[in-house]
Amino acid sequence: MVRLDPHIVRRDFPIFERRIGDKPLIYLDSAATSQKPLQVLSAVHDFYSNHNANVLRSMNTLSSEATELYEESRRKIASFIGAREDETVFTRGTTDSLNVLANSLAEKHLAKGDRVVTSILEHHSNLMPWRREVRARGGELVVVRADKDWRADIARIGEELEKGAKIVAIVHVSNVLGTTNDIKEIARKAHRHGALVVVDSAQGVPHLPVDVKELDADFLAFSGHKALGPTGIGVLYGKRELLHSLPPWQLGGGMVRSVTLDDEVIEDPPYKYEAGTPHICGVIGLAAAVDYLGSIGMDSVRKHEEDLVRYALDLFQGGDVEVYGPRDTERVCGIVSFNLRGVHPHDLSHFLDRDGIMIRAGHHCAQPLVNSLGVMAVARASFYVYNSTEDLDALRSSLGRAREALS
Amino acid sequence: MSAQDPYRERVMDHYKNPRNYGAMQKADAVAKEENLSCGDEVTFYLRANDDGTLRVQFTSASCAICRASASMLSELADGKMISEIAKLERSDVLCPFEGSLDRAREGCALLPLVALKSALSEFRKAD
């Protein structure tokens, strides 16, 4: 494993040339969205400058080039997560993936009285769609608590599976605490009881080596923009036989082989789920992003972030910062949530911004989890390949200045 | 400090030394409002003075913008007649921030106005 040098990586990200007021940009909000390297920007630029055409339709030079780029991108993205190409469906993002999937799965697999299991660690987008589906069908959503390490309580999930729960919808990595769930073990238990496992990997795939076959997830969703790629593009991985069995969620061009006035023949996956002109340049940009991550190596990305989390936890130890979540950095993925005592996180976020430091403050679209920490809002610093320990030193000293100004 | 920075001197003064601050004993009306998305809480207390004006106090567990806004609003409302307090509006509250609040932070500044107006309708109901 090659050690990642963030100072070299940063040279690929043009945004770090800009300043915030008279300060250099320090970006600690990658869990919200990541910055983009030149390689991604160039791929998108090259597509629109040289190959722009619709895909899988027209028979001309440009369309054939665009289709080849599009499908080559699918191969790369599928391979990045250990999936087959026909198991890799492009969506608008994780939220889109989870919404369409919840609806489609519920239609096929949920009946009155059936239960779906999820956890308190979920982002709203892996909670609300399931709640809507079970309510509509007279089922029940069971939300398991976190264990002492702030991971979903696997024993409780096991109990629910024994009682016949049909679906486990679970987050891979918490977007608030960075804690990583043991998906492999959850999938093993679920499959023993004939249940399906849906994984929200919005904070997983960008930061960890992920192999969907090894995890044995039935479905797994992630977004391109949190993994150095463009916004508006996401992936829904699904096991081949499951994708074949579910109904398509949108109808129209691209997802159908033939249409008569009376009937139609639907395409096979992944096209079955990609109605309309896809986000072609998004797919091409995301392929460039996974190429970039692949060239660094996901083990190196993981190790780098683990080092940063450890460094941050040491910096924050004692004094006026309260850190939430576990201290065991091996289980924490590039995210540290905290509060500066006596200072509202929104005020803190504003004051850090004066020093060119971007963080996020609030409930992070995971209100039940944040409230379970006994607070209404937390400040969150989240890291990626371009962050260095110098960024964290700057954060620490800016926290000191904010404290002086605000208390 | 940029033009977009809401933490100007007057705001910081009201945050650190809030006027009319504290829970009121024997209030005629009390109303608490919360912003569930960020956890800000503001409570306004009203009591009738002998001359028909109202005594106005507040407490808050909130960010600096919300507390400073509540303090400045309490100055506008304290010692005024019901009819004058009822006329207070959005622009009165946002004026001291001189356009420095983005959409998200406007909500922090406006929460005290919602709490004051709720307290006023409580007062009218009780009256």
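Reply: Start with one rule: two strands pair if DSSP finds at least two bridges between them. Keep in mind that this is a predicted model.

Me: How do you know that β16(A) and β17(A) pair?

Reply: Three bridges join β16(A) to β17(A), residues 378-382 of chain A. The rule asks for at least two, so the two strands count as paired. They run antiparallel, and Gly362(A) stands opposite Val378(A) of β17(A).

Me: What makes β13 and β16 of chain A edge strands?

Reply: The open sheet has four strands in the order β13-β14-β17-β16 (chain A), paired antiparallel. β13 (321-324) and β16 (360-362) each have a single partner strand, so one side of each lacks a neighbour in the sheet. On average, neighbouring strands of this sheet are turned by 35 degrees against each other, direction ignored.

Me: Why are α2(A) and α10(A) called roughly antiparallel?

Reply: Helix α2 (residues 38-51) and helix α10 (residues 280-296) of chain A pack at an angle of about 150 degrees, with axes 8 Å apart. Angles over 145 count as roughly antiparallel, and the label therefore applies to α2(A) and α10(A). The residues of their contact divide into ten nonpolar, two polar and no charged.

Me: Which residues of α2(A) and α10(A) meet?

Reply: Among them are Val40(A), Ala43(A) and Phe47(A) in α2(A), and Ile284(A), Ala288(A) and Tyr292(A) in α10(A).

Me: How many residues of chain B are in contact with chain A?

Reply: Ten residues of chain B are in contact with eleven of chain A. On the chain B side, five are nonpolar, four polar and one charged.

Methods. Residues numbered from 1 in each chain as written. Chains lettered and ligands numbered in written order. Predicted model: local features only at pLDDT ≥ 70, side-chain atom pairs only at ≥ 80, totals over all residues. Axes fitted to C-alpha atoms, helices over the stretch in contact; angles between N-to-C directions. Contact = placed C-beta atoms within 7 Å. Nonpolar A, V, L, I, M, F, W, Y, C, P; charged D, E, K, R; others polar. Parallel < 35°, antiparallel > 145°, perpendicular 65-115°, else oblique.
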